[in-house]
Amino acid sequence: MAIELPPLPYERSALEPHISAETVDFHHGKHQRAYVDRLNELITGTPFAEMALEDIVRGAQGAMFNNAAQAWNHAFYWQCLRPAAGGGGGEPTGALAEAIDKAFGGVEALRTQFDELALRTFGSGWVWLVQRAEGGLALAATANAATPLTGSDKPLLACDVWEHAYYIDYRNARAKYLEAFWNVVNWDFAASNM
Ligand SMILES: [Fe+2]
């Protein structure tokens, strides 16, 4: 049972002008595909070959973990984005908005803290909005391929802060990419993960 590269949930150019079709082509078509292809090579002939991606992430180590976690993180990431013309960006509503108010004092404060954490994250990694086991929301940063999936936090929203996520559009300006991220963020997806 090979792990598949999930198709994008929108057209490759649909996140423009915030995230270009070229970035999406490389990020989904080259980087994510490479993680999936390498993972399939690594699991062939092992007990992991019959496992779901989430279970491989939770059970693997070393290169197999890195490629499985990156395959999962990226599939999650594309769902965290939504074309601005199709409802992306804006403000969260309902139970998610209430939980954000409670944990951060409002969505503006969440964005500020999220951006600070993203800018502080050294090298490659991910920044997450997570729901703790007791129900409250929190922010988390993970290095390289690491993912909340291996812990007790439930991921609600992810921002890929590897340079490959923004170098074509914004060169080394991670802060500009974060502005773009908020313009196409998919709050409904985050809410659906609570
Ligand atoms: Fe990435």
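UniProt lists residues 92-192 as "domain: Manganese/iron superoxide dismutase C-terminal", in an unreviewed entry. Positions are in the numbering used here, feature names are shortened, and annotations may be inferred rather than shown by experiment. The span is 45% helix and 21% strand. Helices (H or I, at least four residues) and strands (E, at least two) are DSSP runs, numbered from the N terminus. The end C-alpha atoms of residues 92-192 lie 11 Å apart.

A word on the model. It is predicted: local features need pLDDT of at least 70, side-chain atom pairs count only at pLDDT 80 or more, and totals for chains, interfaces and linings use all residues. Residues are numbered from 1 along each chain as its sequence is written, and side-chain values use heavy atoms, with hydrogens and water left out.

Now the metal. Which residues coordinate the iron ion? His27 (NE2), His74 (NE2), Asp160 (OD) and His164 (NE2) do, at 1.9 to 2.1 Å. Donors are N, O and S atoms within 2.8 Å of the metal (3.2 Å for Na, K and Ca); water is not among the atoms, so sites may look incomplete. The donor residues follow the spacing H-x46-H-x85-D-x3-H. His74 sits in helix α3 (residues 62-79) and Asp160 in strand β3 (residues 154-160), so this pair ties together parts 86 residues apart in sequence.

Buried or exposed? His74 has 0% relative accessibility, so it counts as buried. Asp160 is also at 0% relative accessibility and counts as buried. Buried means under 20% relative accessible area, exposed over 50%, partly exposed in between (1.4 Å probe, protein chains only).
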